[in-house]
Amino acid sequence: MLVREMIDNNFLYYFDQGECLEAYKVFGAHLVKDEDGKNIACEFCLYAPNAKRVDIIGEWNDFKEGRQELFCIDAKGIWYAYLEGDYEWKKYKYVITTHDGRKLTKADPYAFYSELRPAQDSKVCDIEGYKWNDGDWMMNHPKTYDKPLLIYEMHLGSWRRRPDGSFNSFDQIAPMLIDYLKDYGYTHVEIMPIYEHPLDMSWGYQGTGYYAITPRYGSPKGFMWFVDELHKAGIGVIMDWVPGHICRDAHGLYMFDGTPLYEYSKYEDRENEEWGTANLDLGKGITRSFLYSNAMYYMNYFHIDGFRVDAVSNLIYWLGNVNRGVNEGACDFLRKLSIHLFKKDDRVLLMAEDSSSFPKVTAPVGMGGLGFNYKWDMGWMNDTLKYFKLDPIYRQFNHHQLTFSMMYYYNEQFCLPFSHDEVVHMKGSLLNKMPGDRWQQFANYRCLIGYMLTHPGKKLLFMGNELASYDEWHYESELPWTINKYPDHDAANRYVKEITTLYKNEKALWECDYDRRGFEFIDADNASQSLYIFARFPKEQDEHLVVVMNCTPNTYDNYRIGVPGLGEYVEIINSDRDIYGGSNRVNPLPLKVEDYPQNNQKQSVMMTIPPLGISILKHVVAKKAIAKPTASTKKATKKPTKSK
């Protein structure tokens, strides 16, 4: 069916009301083929209700205005042209003449492709006909609530570069990335905005072409192949999505037909001075249709598994300002977005990057929520990093910064993020944030990663965090891959790889993330020693883990801790092992449970607690009666040994 035939009263009504989910099938540039599949024409369709005239300029007419005009075919302002010939890969733009005589040169908002920056042209591109091979993934991958969810956030352009410093393409990145993700046990990759943006420095968060896969890494079908390969390897793909604000470059959506077509009408609502962008009006029907269709476009054509929605607090409240009140139009947009996406696929990941305390962000719409199924726990991230930056001598006075998260944890379905925002703009890398000498910095780093992976909630690590680099991330160069030639960095990276793999393999660390039975503090109040002891439980309670974290450089030998199980505990990982760069204060033999109450538990074990370290003990189901404590173990002391 031709585009012209789709534009009827039914389409116009739903588009205007914000209920159109496939606006990209009408607007944009669409190739017309004959029975043999040969391109014979191209339809161009544009929404510009406040335009007086629209011309299309392209390489076929030397970008000269006045040679080919679009015609207004509807009172609402839909402009259309049918041009005979083969236009695939042709560059073009629109010249919009406003009623007050201004001429605006604009890229196509619905273009599927564009010219590489600094050029600003749209390109005609055929997105039909890709042969997918990910049927098993699309049919069988499960919901993630009681499954491991370990996300690798990445910027495609600075993960790895070619020898000459240029970007790798999708087909070059995918094989390297798949092997890398599988080595660490990652379940998903989250890609920073993949659609067109003019400035590399914006990392994609200031977009101009929401439907155009950026040519920095290849073509739309190249991105389809990229997703296809990841799915075949059992890895999901999440994309960063920015529905709140747009780039103000003249060729983009900004003041598209000379008026704030997609943005707020009021200057103070529209202009986001802090970010240098313009805020979209999510209460407008045409803006909603544009964005809902965009999300559906990525699910339908690219098999995207989820969306991380940027800056949700700026949507919930007017410009993120609680004092200005709730933005009801934006909140309604988010609720309806959730309804549309989950109707399409109830396994979709809809994640809110939200720093507010607005309630029920991850509650279903039918229960009065915004409809996300995950929310980044920004409070946990801020409290945790603030605590770990402290010299250990001061941590005793800030002990409950690490226990506070469990006071509110079950209010939402949280994901714990150490994202790109924490390793840029002079904030320092994760390693560089850590206090002490070099040995203590690495020990703190290992402890931090271990704490994240054992705390309830799904996980996200930004690329490079696993390398234990001293350098911040920078978009202009690739990650410091050669750093692993240094033994301490190599050892830290080995630890990350082993504990992320452990996370994926141990049900206790993810199966009951949002079930109160899945977590228990054994000792939450030992501020004087900066010790934290807690248990993680799977659905089968016997297969639980006990986590012991020491945030001081003291070693505690023959230390008694309460445990909830009978039988034995086996230490399955210890961040202080020498192969990770630690001092090797480990527990190599099974720890026998003794009938001796401790920490409000009926039984206990004796163990070595490593300095600035985290130890994970796995319960081994009892086969015999528990051991009685000996005279020597009853008298065991808690005297610390100073580490390096």
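Predicted model: local features only at pLDDT ≥ 70, side-chain atom pairs only at ≥ 80, totals over all residues.
Buried means under 20% relative accessible area, exposed over 50%, and partly exposed in between, with a 1.4 Å probe and protein chains only.

If you click on W241, you will find it in contact with residues including Y195, Y210, L291, F307 and L337, leaving aside neighbours within four places in sequence. Contact means heavy atoms within 4.5 Å.

## The barrel

Eight strands close into a barrel in the order 10-11-14-18-19-20-21-22, with parallel pairing. From one strand to the next, the twist averages 25°. Strands pair if DSSP finds at least two bridges between them; strands (E, at least two residues) and helices (H or I, at least four) are DSSP runs numbered from the N terminus. Strand 21 (residues 414–418) and strand 22 (residues 458–462) pair over four bridges, and F418 stands opposite L461 in strand 22.

Two helices are worth a look here. Helix 6 (residues 220–232) packs on the sheet, touching strand 11 (188–191) and strand 14 (236–241), and its direction makes about 135° with that of strand 14. Helix 8 also packs on the sheet, touching strand 14 and strand 18 (306–309), at about 155° to the direction of strand 14. These angles run from 0 to 180 degrees between N-to-C directions, with axes fitted to C-alpha atoms, for helices over the stretch in contact.

## H455 in its loop

H455 sits in the loop between helix 15 (438–454) and strand 22. This histidine is buried, with a relative accessible area of 3%. H455 touches W380, S405, M406, Y409, L416 and R536, not counting residues up to four places away in sequence.

## Cysteines

The structure holds zero disulfides, a disulfide being a pair of cysteine sulfur atoms within 2.5 Å. For C45, the nearest cysteine sulfur, that of C72, is 10 Å away. C45 is buried at 1% relative accessible area, and C331 is buried at 0%.

## Reading the values

Residues are numbered from 1 along each chain as its sequence is written, and side-chain values use heavy atoms, leaving out hydrogens and water. Local features need pLDDT of at least 70 and side-chain atom pairs count only at pLDDT 80 or more, while totals for chains, interfaces and linings use all residues.
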